[in-house]
Amino acid sequence: MVSGQATGAMIAGIGSIVVSLLVFCFGSAGASAGWGGLVAGAFTLLAVLIGGGAVAVGLVASRQIHRSGRDGMLRFTGRGQAIAGISCGATGVGIALLALGFSLLVQVS
């Protein structure tokens, strides 16, 4: 059986990357008007929370998958999905923080 936590971590990680791209778009679009840094900061917070959640759930799912199948217990699969959730979540957090720094730099300049 595929682990639902692993699938959820992967979906949340991909969502974190999508939100981090919105950080870059809003930060660049609103830099000249003065609201880019504020909106980018709000979306950065969202991306960091989603990405951190994806990493945490991915780690829990990885542990669940590793421990399953012993002594007649249900065997879970989806280790690749758990790893994808961890890596996508961390990537989304990194992109969001870099995009926030870029948007603040463009707004100040």
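**Working chat: a chain of helices**

Student: What share of the contacts with a separation of 6 or more comes from residues 24 or more positions apart?
Tutor: Such residues account for 79% of those contacts in the chain. Bear in mind that this is a predicted model.

Student: How many helices and strands does the chain have?
Tutor: There are 3 helices and 0 strands. Read along the sequence, that gives α-α-α.

Student: What does the C-alpha trace span along the principal axes?
Tutor: About 60 × 15 × 15 Å.

Student: And how much of the chain is buried?
Tutor: Buried residues come to 31% of the 109.

Student: Switching to rings. How many aromatic pairs are there?
Tutor: The count is 2 aromatic pairs. In one of them, Phe26 and Phe43 are stacked, with 5.1 Å from centre to centre and 25° between the planes.

Student: Why does that angle count as stacked?
Tutor: The cut-off for stacked is planes under 30 degrees apart. The pair's planes are 25° apart, so the pair falls in that class.

Student: Where in the chain do Phe26 and Phe43 sit?
Tutor: Phe26 is in helix 1, residues 4-29. Phe43 is in helix 2, residues 36-67.

Student: What is the relative accessibility of Phe43?
Tutor: Phe43 has 25%, so Phe43 counts as partly exposed. Phe26 is partly exposed too, at 30%.

Student: Which residues make the nonpolar surface patch?
Tutor: Leu22, Phe26 and Trp35 make it, and the patch covers about 240 Å². Phe26 therefore takes part in the patch as well as in the stacked pair with Phe43, and its relative accessible area of 30% makes it partly exposed.

Student: New topic. Where is Ser3?
Tutor: Ser3 sits in the segment before helix 1.

Student: Is Ser3 buried or exposed?
Tutor: Buried. Its relative accessibility is 1%, and the cut-off for buried is under 20%.

Student: Which residues is Ser3 in contact with, leaving aside neighbours within four places in sequence?
Tutor: Ser3 is in contact with Ala61, Gln64, Ile65, Phe76, Thr77 and Gln81.

Student: On to helix 3. How far apart are Thr91 and Gly13 in sequence and in space?
Tutor: They are 78 residues apart in sequence. In space, C-alpha to C-alpha, Thr91 and Gly13 are 8.1 Å apart. Thr91 lies in helix 3 and is partly exposed at 38%.

Student: What separates the C-alpha atoms of Gly101 and Ser68?
Tutor: A distance of 42 Å separates them, and Gly101 and Ser68 are 33 residues apart along the chain.

How values were computed:
Residues are numbered from 1 along each chain as its sequence is written. This is a predicted model: local features need pLDDT of at least 70, side-chain atom pairs count only at pLDDT 80 or more; totals for chains, interfaces and linings use all residues. Side-chain values use heavy atoms; hydrogens and water are left out. Rings of Phe, Tyr and Trp (its six-membered ring) pair if their centres lie within 6.5 Å; planes under 30 degrees apart count as stacked, over 60 as edge-to-face and the rest as tilted. Helices (H or I, at least four residues) and strands (E, at least two) are DSSP runs, numbered from the N terminus. Buried means under 20% relative accessible area, exposed over 50%, partly exposed in between (1.4 Å probe, protein chains only). Patches are made of residues with over 30% relative accessible area and no salt bridge: like charges are joined within 9 Å, nonpolar side chains (Val, Leu, Ile, Met, Phe, Trp, Tyr) within 5 Å. Accessible areas come from the Shrake-Rupley method with a 1.4 Å probe; for residues, only the protein chains shown count as cover. A salt bridge is a side-chain nitrogen of Lys or Arg within 4 Å of a carboxyl oxygen of Asp or Glu. Contact means heavy atoms within 4.5 Å.
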